[in-house]
Each structure stands twice: as structure tokens, then as C-alpha cells.
Amino acid sequence: MTDLTDLQSDLVGDDVIPHGTDPAERKRVLIVDDDEDFAASLAGLLELEGYQTITAHDPPTAQSALASCQPAVALVDVRLGIGNGVELVRAFRQQSPDLICLMVTAYASVETAVEALQAGAYDYLCKPFHSADLLATLERCFERTRLMEEKRLAAERLGQMQRIEAMGQ
């Protein structure tokens, strides 16, 4: 269980790990939405599908959760009551460049979608969305994460091989 003593009132589900699952292999998702009922419902759905969720309802809590829980994906609402989701995504990408951010909104517009993608969002989902669409999008996100890790490891191995070859010459 992640120690978030000063965040526990704002975070939900950070300790849900099914038996027999290695936490390092879990698919960790940060949900940022000021609608607490929607966030809880979304977290419940994702946990049933095997994801580990962390829920935050405002930008400061979300940034603390990002730093302490290190999710691979963040689902961020565009309108956060006391904050702007697009600006939060921009801050997330500066804080954690490998984080994949998905924007969700009930107030879809072309302008907002373009702004979100320019801020570093990977995709943009309109509420209400079908759970199958969300799950398919999340699978693409985690496939991208896996491929980026494979690329990093391959580059590291190549560098090691080149250093070994250089020492042998």
C-alpha cells in the first residue's frame, strides 16, 4: 500500500491489488475528475478489469499522486472545478514525460481537443463513453508503454554491446 497519509482523504483505491498479482506488473491509472461519483465509478470499472487506480479530485492532489504513485496513464477531465485539465496535462508531461495522458470531457469541442493534444494528451474521449471504448484505448496506451520500454532496453543493450566491442579493439 502506498503511503499517502496527507492525501488519503482525496485518493481512492491506491491499495487495491488482487491476490497473486505482482504490483510491478499492474497497470496503474491515475483518474483526475472533480466529479467524485464519476471518478469512483470509473475506478470501480477499471479495478474490475485488473487495473490499479489512484483517484484525485483537484490538480494539487493529482500532482502529488503522480509523484508518489507513478502511474503509466492518467485520465484527466478537461474541467476540474478549481483547475484546468489541459494545463494539468501540460504540467504532468513536464513532470513525467513518459506519462500517457487521456483527456475526458462532457464538453467536447474541436478547439479543446486540439489544445489537449498540443499539451501532450495521447487521446481525447467524450463523456459519456462506452466502457469498451475506454478499455480499448487504455490497452493501446499500455501497449505503447510496453513498446517504449522495449525500445529503451534495446538501446541500452546496443550501447553495452558497442562499449564491449570498443574495448576489444
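These exercises work through a predicted model.

**Exercise 1.** Find which parts of the chain the salt bridge between K127 and D77 ties together.

Solution. Start with the distance: the closest N and O atoms of K127 and D77 are 3.5 Å apart. A salt bridge requires a side-chain nitrogen of Lys or Arg within 4 Å of a carboxyl oxygen of Asp or Glu, and this pair forms one. Next, place the residues: K127 lies in the loop between β5 and α5, and D77 in strand β3, so the pair ties together parts that are 50 residues apart in sequence. Both K127 and D77 are buried. Finally, shared partners join D33, D77 and K127 into one network of salt bridges.

**Exercise 2.** Describe the peptide bond from K127 to P128.

Solution. Most peptide bonds are trans. The bond from K127 to P128 is cis, with omega near -10 degrees. P128 itself is found in the loop between β5 (121-126) and α5 (131-168).

**Exercise 3.** Determine whether Q70 is buried or exposed.

Solution. Q70 has a relative accessible area of 61%. The cut-off for exposed is over 50%, so Q70 is exposed. Its place is in the loop between α2 (59-69) and β3 (73-77).

**Exercise 4.** Relate the salt bridge of R152 and E149 to the second largest pocket.

Solution. The two side chains meet at 2.6 Å, N to O. Both residues lie in helix α5, 3 residues apart, about one turn of the helix. R152 and E149 are among the residues that line the second largest pocket, whose volume is about 180 Å³. Its lining divides into 4 nonpolar, 2 polar and 3 charged residues.

Terms used:
Residues are numbered from 1 along each chain as its sequence is written. This is a predicted model: local features need pLDDT of at least 70, side-chain atom pairs count only at pLDDT 80 or more; totals for chains, interfaces and linings use all residues. Side-chain values use heavy atoms; hydrogens and water are left out. On a 1 Å grid over the protein atoms alone, a cavity is a set of points where a 1.4 Å probe fits but cannot get out, and a pocket is an open set with protein on both sides within 12 Å along at least five of seven lines; lining residues have an atom within 4 Å of a point. Grid points are joined across faces, edges and corners, and a volume is the space filled by probe spheres set on the points. Ala, Val, Leu, Ile, Met, Phe, Trp, Tyr, Cys and Pro count as nonpolar, Asp, Glu, Lys and Arg as charged, and the others, Gly among them, as polar. Helices (H or I, at least four residues) and strands (E, at least two) are DSSP runs, numbered from the N terminus. Buried means under 20% relative accessible area, exposed over 50%, partly exposed in between (1.4 Å probe, protein chains only).
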